[in-house]
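Open the model in your viewer and keep the selection tool at hand. The tour goes from the whole chain to single residues.

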Amino acid sequence: MGIVEDLTSELQIARSERQYYEADWQDYVTYTAPDMERAFNRPGGVCAPDGMSVFRQSAARERSRKLYDPTAVWLLDRLASGVGSLTMPEGFNWHGVGFGDPFAPQPTQSDEEFFELVRDHLFRVRSSGRSGFALANRSRLLSTVKLGTGVLFPSENEDNLAEIRTPVHYRYVPLFEIYLIVDAQGADCGFFRVRSLKAWQAMMEYGGNVSDKVREQADDPKRKNTEHRFVHACFLREGGFEDAADISRSRYESIHFEEETRHICRRGGFFEFPLVVSRWDRDGLSPYGSPPQAKLMSDIKSLQSLARDGLIASSQAVRPPIATHREERQLDLNPGRINPGLIDEQGRPLFRPMIETVNPGAADAQIENIREKLRVGLYGDLWQTLLEGSGRTAAEANIRRKEMADMIGPFSTNIMAGNEALFEREIGILGRRGAFAPGSPLAPPESLADSDVTLVPTAPIDQMREAGHFEAIMGFQEYLGIAGGSDPTILDLHDREEEYDLTRRALGLPAKLKRRPEEVEALRQERAAEATEQKQLAAGERMARMARDGAPLLKTLGEEGGLDGLAVS
């Protein structure tokens, strides 16, 4: 029980340190992301003892109780969709595989084909409906954009080790459940996950290894839905190392226990850090990221206040408060209704509006100014400019793509950095299942037997960055055409094969488009042989033509004695 007490103490420290972030998250959810984590949008915060019962009365009303202008909401939705299509679009291979050593030589043809084989297999695993990757990754991306931090948990399919299509299950972890821990360098090194499970769910989750209290409730039909809080703690193991073969000596230790009874439900470990954490922006070495609307919250709150006041002013202009002559008088303001006794003998009404100078559009200009700030701050103007980009020249379109890469690039890099942990986790799971063993379809060539491989980003945002290389190559070809016209020897300095490789990589084209070196050599030899044969045929035809054209001349000279004269002389 000692280790559970220590972990509980560490959890309390993590909870107290996260209170500052939870206040900000509650504002983000209230004003910009009503569709996100409900636990941040309730009285008492995440640790409220009543769970989510506050939402069982009127969840819709509570979610949007302070939302009067949806500009920030749909701008963030558009930003999340745009970033997703630029970094991890569905149906597109948004990363490749390459050498992990930055000083490694350029991969050979067989190396590139093996890398593409591994990449294609990973995307087939993710695309499986039972893996859950599409939904979990989408939720992770939304949480990254709207709350600043998104967490994905790729877990090994331990129920069926022979399953090839789904060796990995991908699950989204809500931000209110996770407490991240980083080391002195800001690297993720541990976490606590606190979640509520019903008694019957806990029995299934932990295979019956729960406390007597939970087991009794799970067996009771009337109490099986009673919720209990379970803690999953993961931290660096003392004496663990990366290349361990035994889970008991793995780098990370994992413990599941009940928060109330301190009963340990499961104990194990991970060879790789099990979470994939992506952050929009990061403040120093903070374990949590900062969303794009963090610097715009004052404008967003002002916009909601102005929109609310504008709504009130519109209501007052249409249905203003009415003053009557007598207290017991009541007005029926429905169309066509008669109100007897509400005028005097001179025909003057005995009632009048109390407010007659309401201007519902007084704040429209100010509201539009704030909306324009939000469009700029949340990149809405960039997407709109791209949508209105029809009719541009190719050069203008490339410039606009480069601007997008420059603006979104730094944040997309933060998102893609989390995918390196995803790749390591997936490769580790596949490797332990023998996917790269000799005889396997994914067995690496001998040149890669002891090489370190890593993820190589090839998403559309990365291709936008590489577009500059392609444009430079095209411009250089124009220069060579002009320079080679005046001095052909300058073409001797240019390596056309290297230009082909650079262009193919810049455009993200697969290695299969390039023939293997032996195939290229055979093709060149065949072409050289055909050229030699054509040259010999051309020489034979030329000799035959000369003989054919010279025969009449010889006959004419022989008849006129020209040949005799030539012979005598």
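The stops below begin with the chain and end at a helix.

This is a predicted model, where local features need pLDDT of at least 70, side-chain atom pairs count only at pLDDT 80 or more, and totals for chains, interfaces and linings use all residues. Numbering starts from 1 along each chain as its sequence is written, and side-chain values use heavy atoms, without hydrogens and water.

**Whole chain.** Colour by secondary structure. The chain has 15 helices and 14 strands; these are DSSP runs numbered from the N terminus (helices H or I, at least four residues; strands E, at least two). Of the 569 residues, 38% are buried, meaning under 20% relative accessible area with a 1.4 Å probe, protein chains only. Switch to the surface.

**Negative patch.** Select Asp101, Glu420, Glu424 and Asp452. They form a surface patch of negative charge. Patch members have over 30% relative accessible area and no salt bridge, and like charges are joined within 9 Å.

**Asp101.** Zoom in on this one. Asp101 sits in the loop linking β1 (95–99) to α4 (109–127). Its relative accessible area is 42%, so Asp101 is partly exposed.

**Helix α7.** Select residues 212–219, the helix that contains Asp219. Is Asp219 buried or exposed? Asp219 is exposed, at 58% relative accessibility; the cut-off is over 50%.

Conventions:
Patch = residues over 30% accessible without salt bridge, like charges linked within 9 Å, V, L, I, M, F, W, Y side chains within 5 Å. Areas by Shrake-Rupley, 256 points an atom, 1.4 Å probe, with all protein chains shown as cover. Salt bridge = Lys/Arg side-chain N within 4 Å of Asp/Glu carboxyl O. Lys, Arg positive; Asp, Glu negative; His and termini not counted. Charge placed at Lys NZ, Arg CZ, Asp CG, Glu CD.
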